[in-house]
Amino acid sequence: MEDILALAIDNLVSPIILSFVLGLFAAIARSDLSMPEAIAKGISIYLMFAIGFKGGVSVGDHGIGSTLGPSLVAGVFLAFALPLIAYGLMRVMTRLSPTDAAATAGHYGSVSIVTFVAAASVLEANGVAAEGFMIAIAAAMEAPAIISALWLAARVTKQTRVDTTLLRDMLLNGSIVLLIGAFLIGLSTGQDGLDEIGALIGAPFKGVLCLFLLDMGLIAGRGLRSGKGALGPGAVGFGMVMPMTSAAVALATAMIIGLSPGGTALLMTMAASASYIAVPAAMRVALPQANPSVSLTLALGVTFPFNLIFGIPLYIAAAAWMTGG
Amino acid sequence: MEDILALAIDNLVSPIILSFVLGLFAAIARSDLSMPEAIAKGISIYLMFAIGFKGGVSVGDHGIGSTLGPSLVAGVFLAFALPLIAYGLMRVMTRLSPTDAAATAGHYGSVSIVTFVAAASVLEANGVAAEGFMIAIAAAMEAPAIISALWLAARVTKQTRVDTTLLRDMLLNGSIVLLIGAFLIGLSTGQDGLDEIGALIGAPFKGVLCLFLLDMGLIAGRGLRSGKGALGPGAVGFGMVMPMTSAAVALATAMIIGLSPGGTALLMTMAASASYIAVPAAMRVALPQANPSVSLTLALGVTFPFNLIFGIPLYIAAAAWMTGG
Amino acid sequence: MEDILALAIDNLVSPIILSFVLGLFAAIARSDLSMPEAIAKGISIYLMFAIGFKGGVSVGDHGIGSTLGPSLVAGVFLAFALPLIAYGLMRVMTRLSPTDAAATAGHYGSVSIVTFVAAASVLEANGVAAEGFMIAIAAAMEAPAIISALWLAARVTKQTRVDTTLLRDMLLNGSIVLLIGAFLIGLSTGQDGLDEIGALIGAPFKGVLCLFLLDMGLIAGRGLRSGKGALGPGAVGFGMVMPMTSAAVALATAMIIGLSPGGTALLMTMAASASYIAVPAAMRVALPQANPSVSLTLALGVTFPFNLIFGIPLYIAAAAWMTGG
Amino acid sequence: MQTQSAKRVEVIIEAPMERRLRNALEEAGVTGYTILPVQGGSGRSGPWSGEGQVSRAGGMVAVICIIRPERLDRLIETAFAVVERHIGVVSVADCEVLSAERF
Amino acid sequence: MQTQSAKRVEVIIEAPMERRLRNALEEAGVTGYTILPVQGGSGRSGPWSGEGQVSRAGGMVAVICIIRPERLDRLIETAFAVVERHIGVVSVADCEVLSAERF
Amino acid sequence: MQTQSAKRVEVIIEAPMERRLRNALEEAGVTGYTILPVQGGSGRSGPWSGEGQVSRAGGMVAVICIIRPERLDRLIETAFAVVERHIGVVSVADCEVLSAERF
Ligand SMILES: Nc1ncnc2c1ncn2[C@@H]1O[C@H](COP(=O)(O)O)[C@@H](O)[C@H]1O
Ligand SMILES: Nc1ncnc2c1ncn2[C@@H]1O[C@H](COP(=O)(O)O)[C@@H](O)[C@H]1O
Ligand SMILES: Nc1ncnc2c1ncn2[C@@H]1O[C@H](COP(=O)(O)O)[C@@H](O)[C@H]1O
Ligand code: NA
Ligand code: NA
Ligand code: NA
């Protein structure tokens, strides 16, 4: 118990979290601090390349072990199931329209890569090892989450014609291609490759993450400011109850397949986090009548900070406790 | 005396100054070399985050000492006083209209962060220590400088209604929020925080500064080329006399409050430098009838290179000499 | 022979080449992965600054030796001659119109800086030393290549009036000014300068090159996809025969002037590579009726990957073999 | 100088739909258009801004398409069927074009 | 296809005034507009360019606002009172809009 | 509110020609124009996009120039002589401008 608290406080005073808080504060105070779109996109390319590459190198070093297959199945299962749970929970907890609920549900099936990266950083800082392939699982969850959300969308709009090009688009979404591509490059060049480019993707990583989280804080803060009308207290509650529900489901799943404490914490974080990269664009196309500020404000303005500040230490502690790590 | 010369020459052949000169040359020769706006903004976010953070860590390490309070007062005093001196000097030395003079005066009250950073780099390279809180003083000078300039503007335009939202906007100016925010993050995470993100904000800092100064050189060169019509010899003279005047006032102030040689040199640099970040936007709103190329060409095309090339070594030498450092 | 193969395979599994392949694949698969224009431009400023600077430092360290003069002459000679060879070859091998052939020919006279950088990285990784001034030669080749191409263009269009401002523009092209400027800065600040900014331009260089090549792969892939109609098999053949022809001419030239094995390999790479920076813009202005997708698809979509994947190891091996290095 | 009347169609649309719009334009035989980046805006779904984007997934773009008047209807009907529900705003104005042979 | 006439107002204005203009538009009841980035230009205060910006503090933006003709006067009077002295250029053109129900 | 009629000229042109166009405009006495960045497009030489630019060397820009009607011919003839062969599209539309004293 004390450990959780210590971890949570330790987490809170890290430059990463404080950078997010700075961005949040600046946006809410209506400062004109802003990060150019191109820079934010450049940073996210860097982060995804680095995390994918390092995941590949780590799998190359330690082997995939016996849990890769089961983990993949678990990830895909979670990605299918979580949007349905999210939809049900929203219909109960909030007064969102079915369309808005369906559009939002998709976000909760896939993974917020930044949340994943933040959790991986905390694990690393605390010397907790995790399976190297977890980042590949995260990439694999995008597609089923979108399929699940599209199915929900089709039910809600009573459409039978599903836009087939949409799924193809989403599978070739830049973030997924980059993550998996970098993973494969890391896997095939191994430690030699990391020696070559480690000076870029290794040591400076956390500093870059700070700048990215500064921007995420700005975005989340602006979202909260302009989207606050769109969300009732029920919706805000959902944005915090849902990640804990997902994390619980993921914890059970991880224990069944026997992941390490670190891997369990990462699977919980992946389940608990809500994507705002590939899924939002897919949902805009599939459900244009949904109000995009609802889902983005929830994912970015409520669930993202919740995970960053409270969720991650909680999931790590729970994973350690339950797996005896 | 020889020391000054050695320092000046040493300063001149540093990659930082030469990068500025390269940019200046490229712009004057009408090369199409240019830095995308987003990159320049990204770099300046990096620089301000790094300088603020490191200032905070340094204050956390060494304590604020007994001079923080007096230094703050001194900074605020300088920021109020310098625009008035600048206005008087311009009315005497140049044929600028009262409006243009008032708009320009504001720039000389606040601080050019890049000039500050360049001076801090030179100090560091020469092993001269300075108070860590100086960067916080620089941030604190922005507001009084703007107030002083607005008061001048109101007198010049004989308006009584002062745009109150303007000051609020300027206090929440992105650069100020970022500087102070990063300072506080550095202060609260301390050496541990620096260990985490030092690989980004520490060693590569000077190289990034080179790229930024390349861009500053391009901007200053273009300003000189297109703004040369707007400036008479009197105005150009002002652009060099003013920083030396400000530096002299700051030197006296620093000696009264007992700053270290390094801190004295930084306070002089802050006083001598002219902002082109928050103040120009404020002046455009408050004095739209002023010609923005006058003030920007002076601040960026004359005073900035003057400080960079001659001023900084001069201020460091004078500070060392007068404080016996 | 085995060495060549080993080198080629080694080259193929480097993160640099694989990043290019990833970009190529993503573009051909129609993924929406993309690098913001500003980031790509920012990275190329970084690369050119770093390569120029390090070249200058290296010349400062080792002296220019006795081969600088002859090498410059050789570079200028190649830059004049290669467009003429390219034009002839194209008229024989392809069915491109004289206008398109002339516009394309210019590209083959000048140097692709990224190809140069990639070759320099491979040499460095294999511990092969090269003359530090080679990058200056590369910059010097731009102008004669454009003059040669303009002369071809004038012949083709039967115009006598040559656009004189064009050449001036091209000589002041940003890339050339940056390369030469950084070279001079490196030369005058020497090892001290490198110590100051090495943490930015040294160790992280290869990682940044990966990200740049990812973008180059995206561009080349999109070019191939959308330009495939414009190129017949003859043109594609030309895109591979031409670099080998140029490399052979350069090999002979290098042996005459007595370059080191590393320098020879770099001169061959410079000759073999086709520019897509300064020359394309010049050709658009001089030969607007030419179809820009022809020349860019050839240079970027065919010759660039050919050099990157097959050419560089081949040139290094040939240089080593012929110079007995 | 010889000019010819034409229509200038301006479509402000969400970026994820850009490719679909491009395809639809091509199918309708419209091969000439220009895409401008959009930095921010406001509409029924509230204000948004590219820097720190919130309520729009991936921003918007403005597509400008200059066509002969007689091709306007086809353009609008064929192409915009696809994107109708996503259209921010479609506006059409009269203009004169030079180099008439291009149209 | 059913269209409806409207006015297309284009305001080129300095970026520091963007928020004030947005507020003024909102107060005048105009909630639909789009902001395009501006890269450079030239006017009475000389030429400038966003890359290596000199004579403008923070660049400019172009605000495009499509409104019903009858609301034009209100828009212009209420909103532009605030920004009058800073206006680069305000131009108004006729256009036709689709999806008339939006206006 | 007092307005005055004017012409809005829009030129979409390759970026390497931007400086030449600026110079030509200046020579023709046109000192007021605004340059917008272009992100992509399509024309006779195929589609292209600024992100991962292929068939255009250095992209394109859109130059918007608002002038008095009586100056239109001079603008078009003097200035566009230089750039004629490179012009993507030049279109001219009628508009009304405020602050007429500027023109
Ligand atoms: N009347 C209008 N004039 C110009 N742009 C508009 C207008 N209405 C909407 N837009 C643009 O279309 C986007 C989406 O509008 P909406 O779907 O109504 O939220 C806005 O963010 C604006 O960029
Ligand atoms: N006639 C015009 N047509 C288009 N844009 C203009 C015109 N006049 C001024 N501008 C724009 O408004 C900005 C400010 O103009 P000024 O205040 O006259 O310097 C210029 O930099 C241009 O971007
Ligand atoms: N009809 C048109 N409407 C709008 N933009 C066009 C049109 N035709 C060409 N363009 C633009 O001009 C560029 C060059 O056209 P082109 O020279 O025909 O390839 C294209 O990439 C478009 O950006
Ligand atoms: Na999830
Ligand atoms: Na000052
Ligand atoms: Na070549």
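The sodium ion (ligand 6) sits among five named donors of chain C: C:Tyr108 (O), C:Ser110 (O), C:Met270 (O), C:Ala271 (O) and C:Ser273 (O). Their distances run from 2.3 to 2.9 Å. The model is predicted. Along the chain these donors follow the spacing Y-x1-S-x159-M-A-x1-S. C:Tyr108 is buried, and C:Ser110 is too.

Chain A holds the sodium ion (ligand 4). A:Tyr108 (O), A:Ser110 (O), A:Met270 (O), A:Ala271 (O) and A:Ser273 (O) coordinate this ion at 2.4 to 2.9 Å. Their spacing in sequence is Y-x1-S-x159-M-A-x1-S. A:Ser110 lies in the loop between helix 5 (98-109) and helix 6 (113-125) of chain A, and A:Ala271 lies in helix 12 (residues 261-272), so the pair ties together parts that are 161 residues apart in sequence. A:Ser110 has a relative accessible area of 0% and is therefore buried. A:Ala271 counts as buried because its relative accessibility is 0%.

Go back to helix 5 of chain B. B:Gly106 lies in this helix. Its relative accessible area is 0%, so B:Gly106 is buried. Which residues surround B:Gly106, leaving aside its neighbours within four places in sequence? B:Gly106 is in contact with B:Pro83, B:Ala145, B:Ala149 and B:Val279. B:Leu150 is 44 residues from B:Gly106 in sequence, yet the two C-alpha atoms are 7.9 Å apart in space.

A loop position in chain C comes next. C:Thr67 lies between helix 3 (37-62) and helix 4 (68-93) of chain C. Why does C:Thr67 count as buried? Its relative accessibility is 12%, and the cut-off for buried is under 20%. Apart from neighbours within four places in sequence, C:Thr67 is in contact with C:Glu131, C:Phe133, C:Ile257, C:Gly258 and C:Leu259.

Now look at where chain B meets chain C. Chain B brings 26 residues to the contact, and chain C brings 24 residues. The area buried between the two chains is about 2,000 Å². Carbon and sulfur atoms give 77% of that area. On the chain B side, B:Pro15, B:Leu22 and B:Leu211 lose the most area to chain C. Together these three make up 23% of what that side buries.

What of the polar links? Between chain B and chain C the count is 1 salt bridge. It joins the side chains of C:Glu196 and B:Lys206, N to O, at 3.3 Å. Helix 2 (15-28), helix 3 (37-62) and helix 10 (205-227) of chain B each supply at least two residues of the side that touches chain C. That side of chain B divides into 18 nonpolar, 5 polar and 3 charged residues.

Key: Residues are numbered from 1 along each chain as its sequence is written. Chains are lettered from A and ligands numbered from 1 in the order in which they are written. This is a predicted model: local features need pLDDT of at least 70, side-chain atom pairs count only at pLDDT 80 or more; totals for chains, interfaces and linings use all residues. Side-chain values use heavy atoms; hydrogens and water are left out. Contact means heavy atoms within 4.5 Å. Buried area is the accessible area (1.4 Å probe) that two parts lose on being put together, summed over both. A salt bridge is a side-chain nitrogen of Lys or Arg within 4 Å of a carboxyl oxygen of Asp or Glu. Helices (H or I, at least four residues) and strands (E, at least two) are DSSP runs, numbered from the N terminus. Ala, Val, Leu, Ile, Met, Phe, Trp, Tyr, Cys and Pro count as nonpolar, Asp, Glu, Lys and Arg as charged, and the others, Gly among them, as polar. Donors are N, O and S atoms within 2.8 Å of the metal (3.2 Å for Na, K and Ca); water is not among the atoms, so sites may look incomplete. Buried means under 20% relative accessible area, exposed over 50%, partly exposed in between (1.4 Å probe, protein chains only).
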